[in-house]
Amino acid sequence: MSDNVDNNTKVDYTPFGKLPDHLLVEIFVRVPVSEWAQISCVKRQWANVFRGECLWQAALTRTYPLAHQTKRWPGPIPRGLSRRRYTALYVSKRVFALDGEMDEIVGHAYLFLKEQLEFSDMPSTSSILHGTIIDQFIACGKSRDIAHELASQIWLAVLDNLEDNEHTFLILKRLALEGDVFLPYPYTKSIKVQWKVFEKLFTDFRDCFNHVDYYDVLGCAKNKFQPIPSAWLGY
């Protein structure tokens, strides 16, 4: 047998390289979440552990021990597997600082809306997306007032956390130019949500406008809000 090692074969002689997956799971769930992305890039075996369901089941049990008591809920937004549930709970704690039975549902609604806006080439109209979120909370037994308030909070949080890129600019411009559709309460979007769309366009994405688009969006802003901030003026 040759003593030479194939250049394409990387042999891991560290103790970690000999550990089976179930022990790696027990180690990784004790590492801060902020380091998971970096750890998953170290080697293929570790990446596969993070892609598997076992790690996320363990992380869910360790970090959110009451999550297994949560019953499945009705409504249009599904719960998903352990990784999805862990992400939803993590978001609800970090973004909304909620505590109690609504944690996971709010997190899933946030993920649903963010993914629809960020990753869809042609997302549904904002009224459909908003109605889906409202229906989710009402199906779970929440009052119309609470459903309206939670949906508004989710919209504002998502808009604040969208990537600063051309796709986001186009989505925001589309939301701004959407015609008003009469919908009964609680399906009406709050004025805060509508304001946030224009505010981001005229501040964070101001340089993305061409001459025509700017005045089209400015005209819509003037129809919706009176008065508008002077900072929005002056192309």
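The second largest pocket of this predicted model has a lining of 19 residues, and S126, D180, K189, Q194 and K224 are the ones that lie nearest its centre. Its volume comes to about 340 Å³. Helix α10 has the largest share, with four residues. By residue class, the lining of this pocket splits into nine nonpolar, six polar and four charged residues.

L175 is found in helix α9. It counts as buried because its relative accessibility is 14%, under the 20% cut-off. Beyond its neighbours within four places in sequence, L175 is in contact with S126, W155 and V197. S126 is also one of the residues nearest the pocket centre. For a sense of scale, take L175 and P74: they are 101 residues apart along the chain, and their C-alpha atoms are separated by 28 Å.

The other is K196, which lies in helix α10. Is this lysine buried or exposed? K196 is buried, with a relative accessible area of 16%. Its contacts, again leaving aside neighbours within four places in sequence, are with L156, L159 and D160.

Now for the rings. The structure holds 21 aromatic pairs. Here are two of them, side by side.

| Pair | Centre to centre | Angle between planes | Type |
|---|---|---|---|
| W195 and F225 | 4.9 Å | 70° | edge-to-face |
| F202 and Y214 | 5.8 Å | 80° | edge-to-face |

The W195 and F225 pair links distant parts of the chain: W195 sits in helix α10 and F225 in the segment after α11 (211–224), 30 residues apart. How accessible are the two partners? W195 has a relative accessibility of 27%, so it counts as partly exposed. F225 has 4%, so it counts as buried.

What about the F202 and Y214 pair? F202 lies in helix α10 and Y214 in helix α11, so this pair ties together parts that are twelve residues apart in sequence. Both F202 and Y214 are buried.

Ring pairs link F169, W195, F198, F202, F205, F209, Y214, Y215, F225 and W232 into a cluster. So W195, F202, Y214 and F225 from the table turn up in that cluster, because ring pairs with centres within 6.5 Å join its members.

Last, the backbone. Most peptide bonds are trans.

Conventions: Residues are numbered from 1 along each chain as its sequence is written. This is a predicted model: local features need pLDDT of at least 70, side-chain atom pairs count only at pLDDT 80 or more; totals for chains, interfaces and linings use all residues. Side-chain values use heavy atoms; hydrogens and water are left out. On a 1 Å grid over the protein atoms alone, a cavity is a set of points where a 1.4 Å probe fits but cannot get out, and a pocket is an open set with protein on both sides within 12 Å along at least five of seven lines; lining residues have an atom within 4 Å of a point. Grid points are joined across faces, edges and corners, and a volume is the space filled by probe spheres set on the points. Helices (H or I, at least four residues) and strands (E, at least two) are DSSP runs, numbered from the N terminus. Ala, Val, Leu, Ile, Met, Phe, Trp, Tyr, Cys and Pro count as nonpolar, Asp, Glu, Lys and Arg as charged, and the others, Gly among them, as polar. Rings of Phe, Tyr and Trp (its six-membered ring) pair if their centres lie within 6.5 Å; planes under 30 degrees apart count as stacked, over 60 as edge-to-face and the rest as tilted. Buried means under 20% relative accessible area, exposed over 50%, partly exposed in between (1.4 Å probe, protein chains only). Contact means heavy atoms within 4.5 Å.
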